[in-house]
Amino acid sequence: MATAVIIVLVTAVAALLAKWALWYRRHRALEQAIPGPPSLPVLGNALDFLGLANEDRLKFILGQGDRKMRRLTLLTTVVVMVNNAEDIEHVLRRKDLADKSRFFYASLHMVAKNGLIQLSGPLWREHRKALQPAFSLSILEHFVDYFAEEAEGFVRRVKPWCADDNLLDNLRRVTCGAFMKTTLSEKVGADFEEEILDLIRFLELFLKCSTERFFNPLLWSDWVFGLTARGRLIKKTRAKIDHHARVVLDKRREELRQRGELRGDFTKDFVKRPTTLVDTLLLAPGYRMPDEDVLDEFKTFFAAGVDTTAATIIWLLKALSLHPDIQDKVYAEIQTVFQGSDRRVTPSDLNRLEYTERFIKETLRLFPTVPFLTRQVHEETEFLGHTLPADSAVAINILGAHRDAAHWPDPLKFDPDRFLPENSEGRHPCAYMPFSTGYRNCIGGKYALMNMTTFLATTLRHYRVDPVADGYMHLVDIPLCFDIALRAAGGMTVNFTPRRAAEGA
Ligand code: HEM
């Protein structure tokens, strides 16, 4: 009996191995036909990553400015990087490449399964439709006051004259505060200080885990990652965040119920404009989003919006510090609008800060905070003259497209006037896409731009931003790394010189 069981087992294993070997032979042949660095059987390029410093990893992923498509293999997952606007447009037009790749979004999936970023199909459409009204211009204009309040808090916290070694944390405090007010409730204040700090700690842990998993295919499985110390910690921390968010959600629902504003309590002539993301979901007519999904969206928006905006602001400050002539122009424009007053920024001010907006766009061109995107290849498919194996990923190199000399003359030159209307005419739609493009573009792009413009209009009236002695005279010489966002490999900071002192000097 025992011998028969062993024979059956051995035969079954041998059959599986033979099937796998057949599959792998074809898979490997397709993989090798796509141009890319040499890769080992089964391991692919996974070992290449292990020996590389963080900044070299980004160069390895994105290549060295070549416009042609390029392949990397992580274990058996083939990732093809498309590096120019024309090929990117091809990817974005293809319906079969619309879903987000599994390996890239594994960390987010573990924290928030049903969030907009990683959803696809009908559920994504339902969520996007329910969330879109929270990002309409009239609501965003209402948020400017919260953005300004947080920027004013930053101005009070700045330590003048010295380089701030905690600049990124300080900026995350700004974007997280604004996020809490615009997402949950305008009443977020001192009562939520502890929650905001918890959220920032959660964010840091989430970013660490995401980077670690991204570069280590052995950790792509949620199950395997859940067994590691970090995996256990993130589950524990997630439970705490879920608890905070649920308490706030229940409280908000009760407030709305008591005020007779909750959906279902509407009378015909009662029209209440929702003001926060959570209110939008609670008050929206039609689709009823389950509480679990509301919480997932809260965490997704937090992960997508807080660090990206803080990471961009730090690039803006660095760019100002290394381009004093451009900083002078931004400041002069702000002075024209505010006429020396330190009053709070209003939505109509933002429309008048045109040069400042061009400056932000140029910073995002050279330093797109999300440097690449990835899409899932479900079935074996023909793609730009090659055959991609099933379960591959297509990566869109935003950084490469933004620095492509075919679309950007003298691409490394920092010049906000590239974004003057007359200079933007006829530009390829995929040559510039810091917020992605098409129907899966960033829902919070306008929100982020308004927040960043408000931040600059508030901070620059009080401080001039000066370079620190870190050895970098040119912005484009700063080594880059990928830490879920695009960052300076060794970190970055600036000096804040009070304007009064700077102008007296
Ligand atoms: C400078 C700041 C930001 C940058 C550079 C940025 C960039 C991007 C990019 C490139 C995508 C496409 C991702 C993909 O296709 O995989 C995206 C999607 C998204 N972003 Fe942003 N983002 C920023 C700020 C924000 C903010 C402030 C929010 C929310 C308040 C937000 C929420 C989202 C969401 C929910 C998605 C997924 C949209 C969908 O698939 O329907 N982002 N963002």
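## Strands side by side

Two strands count as a pair if DSSP finds at least two bridges between them. With that in mind, let's look at this predicted model. Strand S1 and strand S2 (residues 77–82) are joined by five bridges and run antiparallel. One of the links involves leucine 74, whose bridge partner in S2 is threonine 77.

## The whole sheet

Now for the wider picture. S1 and S2 belong to an open sheet of four strands, ordered S1-S2-S6-S3, with mixed pairing. On average, neighbouring strands here are turned by 25° against each other, direction ignored.

The sheet also has a helix packed on it: helix H4 (residues 85–93) touches S2, S3 and strand S6 (392–397). The direction of H4 makes about 130° with that of S6.

Leu40, Leu43, Leu47 and Leu50 make a nonpolar surface patch of about 350 Å². You can find leucine 40 in the loop between helix H1 (2–33) and helix H2 (46–50). Leucine 40 counts as partly exposed because its relative accessibility is 43%, which lies between the cut-offs of 20% and 50%.

## A buried threonine

Threonine 453 sits in helix H19 (residues 445–459). Its relative accessibility is 7%, so threonine 453 counts as buried; the cut-off is under 20%.

Which residues does threonine 453 touch, leaving aside those up to four places away in sequence? They are Leu350, Leu353, Thr356 and Ile360. Threonine 453 and glutamate 357 are 96 residues apart in sequence, yet 7.0 Å apart in space, C-alpha to C-alpha.

Conventions:
Residues are numbered from 1 along each chain as its sequence is written. This is a predicted model: local features need pLDDT of at least 70, side-chain atom pairs count only at pLDDT 80 or more; totals for chains, interfaces and linings use all residues. Side-chain values use heavy atoms; hydrogens and water are left out. Patches are made of residues with over 30% relative accessible area and no salt bridge: like charges are joined within 9 Å, nonpolar side chains (Val, Leu, Ile, Met, Phe, Trp, Tyr) within 5 Å. Accessible areas come from the Shrake-Rupley method with a 1.4 Å probe; for residues, only the protein chains shown count as cover. A salt bridge is a side-chain nitrogen of Lys or Arg within 4 Å of a carboxyl oxygen of Asp or Glu. Helices (H or I, at least four residues) and strands (E, at least two) are DSSP runs, numbered from the N terminus. Buried means under 20% relative accessible area, exposed over 50%, partly exposed in between (1.4 Å probe, protein chains only). Axes are lines fitted to C-alpha atoms, for helices over the stretch in contact, and angles run from 0 to 180 degrees between N-to-C directions. Contact means heavy atoms within 4.5 Å.
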